[in-house]
Amino acid sequence: MIPPPSGSSPDQVNQKLVDQYTEIARLAGGLAHEIKNPLSTIRLNMELLAEDLHEPETPRERRALAKVNVVQRECQRLQELLDDFLDFAKVRRLKLEPTDLNEQVQEMIHFFAPKASEAGIEVIDYLATDLPTVLLDRETFRGALLNLVLNAEQAMPNGGQLMVRSRAAGDQVVLELIDTGCGMDEGVREHVFEAFFSTKRGGSGLGLPTARKIVEAHGGQIDVQSEPGRGTQFSIKLPTLARLSVVPVEGTVER
């Protein structure tokens, strides 16, 4: 890290770091967009080739179609990786509003219900009544929840249970997502929030790091507990509105 200039106040140092991060994120986002343009051209031409080879008649044409299919799959994987990276890298400007966390969780459960049923996953909720209000950017926080729910689904390929529990804890609200999936050993658990780390074939390794960025941008923290064969628990802790009332709601929250 570049040392702060002599005589700089903590606020000046923090603002300089934010400005540096914003510039890096802008450049990374610009690069990703530049990659997407030729990628779109490649995908379009692969689709046209696949149409031309739709009914291969010779061994050579069948081999050519197989190669086109491989390129199409890799293009799709690259497209998904770029989308995930752009979501991870962007500077988040949160529109914080007093929110009932339970309502956001119930909306996510309702949205996930058809997919859960198809995957053989039973969703159980233990949401505390009279939960203190929190400040959320609802759309952004919903993205973090979705990443965690999809992670739980992928950890239970043969079905299982996903328990969602909320509770008050002092000046915080705690949300826990507990699955009965395959679990993680210590070596994996220590790296799950690192960008591009993934144990899933074809995974971008950006879902959980993005979820952590979102939670931290809300002034909260996220932790994970897991053991192989015993499932995984993600815990999100968010400050309550009473604690946040001393901070101006309007403005920009960035991480």
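Predicted model: local features only at pLDDT ≥ 70, side-chain atom pairs only at ≥ 80, totals over all residues.
Local features were considered at pLDDT of at least 70 and side-chain atom pairs only at pLDDT 80 or more, whereas totals for chains, interfaces and linings use all residues. Residues are numbered from 1 along each chain as its sequence is written, and side-chain values use heavy atoms, without hydrogens and water.

An open sheet of 5 strands has the order E2-E4-E5-E7-E6, with mixed pairing; strands (E, at least two residues) and helices (H or I, at least four) are DSSP runs numbered from the N terminus, and two strands pair if DSSP finds at least two bridges between them. Strands E2 (121-127) and E6 (221-226) are at the edges, each with a single partner strand, so one side of each lacks a neighbour in the sheet. E2 runs parallel to E4 (residues 160-169), to which 7 bridges join it.

Helix H3 (residues 101-119) packs against helix H4 (residues 138-154) at an angle of about 35°, and their axes are 10 Å apart. Axes are lines fitted to C-alpha atoms, for helices over the stretch in contact, and angles run from 0 to 180 degrees between N-to-C directions. H4 also lies across E2, E4, E5, E6 and E7, at about 170° to E7.

The largest nonpolar core contains 36 residues; such a core is a set of buried (under 20% relative accessible area, 1.4 Å probe, protein chains only) Ala, Val, Leu, Ile, Met, Phe, Trp, Tyr and Cys residues joined through side-chain atoms within 4.5 Å. Leu101, Phe141 and Ile236 are among those with the most contacts inside it. Ile236 touches residues including Phe141, Leu148 and Leu175, contact meaning heavy atoms within 4.5 Å.

Definitions and conventions
Buried < 20%, exposed > 50% of the residue type's maximum accessible area, 1.4 Å probe, protein only. Lists of a residue's contacts leave out its neighbours within four places in sequence.
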